[in-house]
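Biologist: I would like to go through the terms used for this model and see what each one rests on.

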Amino acid sequence: MSLQYPFADLPSSGQRFKVADGVYWLRFPLPFALDHINLWLLEDTGGWTVVDTGLGIRPSQSIWKGVLAEQLDGKPLTRVIVTHYHPDHLGLAGWLEQETGAQVWISRGEWVLANDICDSPERDTIERIRTFLGRHGLGGDDLDKVAGKGNGFRRVVQPLPANPCFLAAGDALTINGQRWAVHVGCGHSPEHLCLYREEDHLLISGDQVLPTISSNLNVRASDPDMDPVTDFVNSLEALRDNLPDDTLVLPAHGLPFRGLRERVDALVHHHEEQLDRVQAACLQHPQSAFDMLPVLFNRKLDVQQLMFAMGESIAHLNCLMLQGRVARREVDGVWRFSA
Ligand SMILES: [Zn+2]
């Protein structure tokens, strides 16, 4: 079965769009190649819950002011749930907490990482990224540009929420008398929250499952040997095996869709293919993560995409290394992998 998209029309900017009983879609613009994020408004008895918040920039705040004034039927925003630490999701959580008094909820793993990134001095961050990506073969102008982005994170997530509460796998929330089970995924981020409404099979999937693009898998300089590919695939398979196939998936990017099993299988297959491709390329002679970019991506990359692409390349090499399919050796300060 191919994916089905029950809502072909997009919500207009700043307008809520009903997708299920008490569940509304908001679409906020993003100033990147990925040009929007979906937020999900959930109607509760005494107010509203929102899942994810948008990037911490002025234009998103203006849209939010309109939403708070006109889209909530005069009821307050009482709860903000952040699926993961990435700035388009976490960005305005602290600001919404200040503006509305809403309680922010996040997972502990995402919260710890967001604080680590914000607390680390800009110069250290830049230096660490430079050393790490340099060792993986990125050099010259490209390295300067990517490392120069440094701690841009901090600028688009301030203020962080002052007083968040924590959600973990197996927890559940009652919203408007209905139970939402908390599922946690890994690979795209450390402890990514997904919310599943059991009664009518709705999954707010954040970036864990997206309909048309594959979520970025990144290896952090602070944890250079991590294997997000295996973590991501295992998390996807757990969602596929635990939730019914008629689940309506509400993703953070792209359109709501049905066909969870189909989509998970395609994503798992995509990563298997990428692993095979990288392993094959490492057969002829030793290759760095940078050498693998044209093998993995057949398009031109801007600075942000180059950063994501390096993460993705290192992630697949780490996975192959842990599976014993490639070995790593340092040659002239650069890690090279051979099959
Ligand atoms: Zn993300």
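Biologist: Which residues point one way from β10, and which the other way?

Modeller: H192, C194 and Y196 point one way, L193, L195 and R197 the other. In a regular strand the side chains alternate between the two faces of the sheet. This is a predicted model, in which local features need pLDDT of at least 70, side-chain atom pairs count only at pLDDT 80 or more, and totals for chains, interfaces and linings use all residues. Residues are numbered from 1 along each chain as its sequence is written, and side-chain values use heavy atoms, with hydrogens and water left out.

Biologist: Why is D207 called buried?

Modeller: Buried means under 20% relative accessible area, exposed over 50%, partly exposed in between (1.4 Å probe, protein chains only). D207 has 5% relative accessibility, so D207 counts as buried. H86, at 16%, is buried too.

Biologist: What are the protein donors of the zinc ion?

Modeller: Donors are N, O and S atoms within 2.8 Å of the metal (3.2 Å for Na, K and Ca); water is not among the atoms, so sites may look incomplete. H84 (NE2), H86 (ND1), H188 (NE2) and D207 (OD) lie 2.1 to 2.2 Å from the zinc ion.

Biologist: Why is the site of the zinc ion called irregular?

Modeller: Four donors count as tetrahedral if all angles lie between 85 and 135 degrees; four count as square planar and six as octahedral if opposite donors are over 155 degrees apart and all others between 65 and 115; anything else is irregular. The angles among the 4 donor atoms are 89 to 172°, and the site is irregular.

Key. Helix = DSSP H or I, 4+ residues; strand = E, 2+ residues; numbered from the N terminus.
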